[in-house]
Amino acid sequence: MRITGQKVGAAFVTRYVLAQIGIWVALLTPSGVTLSLRVGQLDPENKASTLAIVSSAGALAAMVGTPVFGTLSDRSTSRFGQRRPFVLAGFFIGVAAIFGIGYAPNVFFVGLGWVITQLAFGAAIAAVMAILPERVPHEMRGRTSGFMGVTSQVGIVFGAVLVQVVGTRGSLMFVIPAVLGTLLVLPFLLLLKEAPKTRSEVGDISFKDLATSLWISPRKHPNFALAWLGRAFCWLGLQLLVTYKTYFLIDHLGYTTDNVAPVLTTSMFTLALTLSFTSICGGWISDRIGRRKPFVFAASLIFVAAMVIIAFSTSVTHFVIGVGIAGLGQGLYLSVDYALVAALLPDDRREAAKGMSVYNLSSNIPSTLAPTLAPALLSVGASQATPDYTSMYLFAALFSLIGAVVTLLLRGVR
């Protein structure tokens with residue numbers, strides 16, 4: 001049976017989106033800012049290598065844990081509901097772990113706290129994402145997906161502002177964002193109504209189910225696999241931009257560590273602005289015309305144009321224009337991709353959380369793969385002194401073009 005949403009109103013969607021902003025404020029503030037500061041405070045001599053180890057351990061925990069918790073949520077028969085206990089327990093265990101990082105006496109406990117944080121928030125995210133295909137009707141999924149697309153950007157901005165207000169010393173840089181996240185999540189949790197599921201409705205849980213939490217068969221569900229693959233290629237190109245933008249400005253455009261910050265701020269603000277615009281508008285238009293696939297295809301081609309502009313940019317103006325166009329593409333993609341994949345999930349409605357969690361791996365894996373692949377791409381036509389950023393970003397354009405072609409192969413969704 002195809003997953004269908006129950007009728008919900010604007011108030012439900014508002015609480016749902018705010019809850020996601022709360023999750024991202026609590027999680028992405030340490031991920032993007034305060035975790036590195038804490039590591040630097042505790043291990044200043046080896047901060048780069050230590051942060052790499054801590055971040056990698058957390059990323060691995062999230063990649064494995066989120067689909068596993070999604071499967072457990074799919075099979076839950078708790079009398080408190082199917083999704084709410086996982087959101088509640090995951091979020092607050094994660095917040096407690098973040099508090100622990102703020103008071104950690106050494107980097108071992110920072111690493112342990114970050115692994116627990118990623119596992120716990122993975123459980124909350126898996127359950128939250130499953131609510132879109134289960135509760136939101138088809139005619140509202142584009143708009144909802146569009147607002148979901150900007151939640152992480154809003155979370156990052158809120159977190160950065162809070163850190164500037166409370167400072168970068170002491171535990172408050174961890175505590176305050178987590179408290180704000182809690183205030184945004186609580187209304188959704190308190191008002192979420194769920195009827196308990198019976199074991200006959202959700203099916204039994206076995207070790208095999210957990211072992212295959214990260215896998216949905218491409219042979220049985222080819223359209224889901226194509227959507228996953230198309231997004232992975234586009235996000236690989238995007239991650240090459242995001243990860244190496246600072247080094248590009250320094251090595252290619254002549255900036256230094258002392259004067260690059262204002263340019264990065266300008267480019268990231270441009271990215272957030274263009275992303276938010278197309279994400280919200282694209283989702284609304286998609287619902288109006290009842291189509292998703294053309295938006296994903298167009299977004300992939302916009303990525304191609306952005307990467308080509310950046311590859312050949314000779315000034316910061318060209319770079320910022322390229323970043324802004326990339327934001328337009330990312331926002332357009334995010335405006336419909338969750339709505340699109342919700343229509344392509346495996347027919348068994350008992351696996352919504354697993355399906356959405358596996359789909360999210362299409363962005364998580366490229367973020368890990370990009371730094372591994374980049375050195376080879378930077379050496380294609382490089383001299384001894386200068387990495388070849390032009391070739392790397394042309395490869396990023398090629399990856400996005402492959403993503404566009406894969407999207408054309410999708411069937412079963414308009």
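This is a predicted model: local features need pLDDT of at least 70, side-chain atom pairs count only at pLDDT 80 or more; totals for chains, interfaces and linings use all residues.
Residues are numbered from 1 along each chain as its sequence is written, and side-chain values use heavy atoms, with hydrogens and water left out.

The protein chain contains 14 helices and zero strands. Both kinds of element are DSSP runs numbered from the N terminus, helices being H or I with at least four residues and strands E with at least two. Read from the N terminus, the order is α-α-α-α-α-α-α-α-α-α-α-α-α-α. The radius of gyration of the protein chain is 21 Å, close to the 22 Å that the globule rule gives for 414 residues, so the chain is as compact as a globular protein of that length. That radius is taken over C-alpha atoms, and the globule rule is 2.2 Å times the number of residues to the power 0.38. Along the principal axes, the C-alpha atoms fill a box of roughly 65 × 50 × 40 Å.

Of the 414 residues, 52% count as buried. Buried means under 20% relative accessible area, exposed means over 50%, and partly exposed lies in between, with a 1.4 Å probe and protein chains only. The accessible surface of the protein chain comes to about 17600 Å², and carbon and sulfur atoms hold 68% of that surface. Such areas come from the Shrake-Rupley method with a 1.4 Å probe; for residues, only the protein chains shown count as cover. Among contacts in the protein chain with a separation of 6 or more, 84% are between residues 24 or more positions apart; a contact means heavy atoms within 4.5 Å.

As for charge, the protein chain has 30 positive and 17 negative side chains, and the centres of the two sets lie 8 Å apart. Lys and Arg count as positive, Asp and Glu as negative, and His and the chain ends are not counted. Each charge is placed at NZ of Lys, CZ of Arg, CG of Asp or CD of Glu.

The structure holds 16 aromatic pairs. In one of them, the rings of Phe-91 and Phe-92 have their centres 5.3 Å apart and their planes at 90°, so the pair is edge-to-face. Rings of Phe, Tyr and Trp (its six-membered ring) pair if their centres lie within 6.5 Å; planes under 30 degrees apart count as stacked, over 60 as edge-to-face and the rest as tilted. Phe-91 is buried at 0% relative accessible area, whereas Phe-92 is partly exposed at 31%. Elsewhere, ring pairs join Phe-248, Phe-319, Tyr-389 and Tyr-393 into a cluster.

Single residues can now be taken in turn. Helix α1 (residues 10-42) includes Gly-32, which is exposed with a relative accessible area of 58%. Gly-32 and Ala-160 are 128 residues apart in sequence, and their C-alpha atoms are 8.7 Å apart in space.

Arg-84 lies in helix α3 (residues 84-103) and is partly exposed, with a relative accessible area of 21%. Leaving aside residues up to four places away in sequence, Arg-84 touches Leu-189, Leu-192 and Glu-194. Its C-alpha atom is 8.6 Å from that of Ala-124, 40 residues apart in sequence.

Helix α4 (residues 107-135) holds Ile-116, a partly exposed residue at 36% relative accessible area. With residues up to four places away in sequence not counted, Ile-116 touches Ile-93 and Ala-97. Ile-116 and Val-185 are 69 residues apart along the chain, and 19 Å separates their C-alpha atoms.

Two residues of helix α10 (residues 261-289) complete the tour, one of them being Asp-287. Asp-287 is buried, with a relative accessible area of 12%. Its contacts, not counting residues up to four places away in sequence, are His-138, Glu-139, Met-140, Arg-141, Gly-142, Arg-143 and Arg-292. Phe-277, also found in helix α10, is exposed at 53% relative accessibility. Phe-277 and Thr-198 are 79 residues apart in sequence and 42 Å apart in space, C-alpha to C-alpha.
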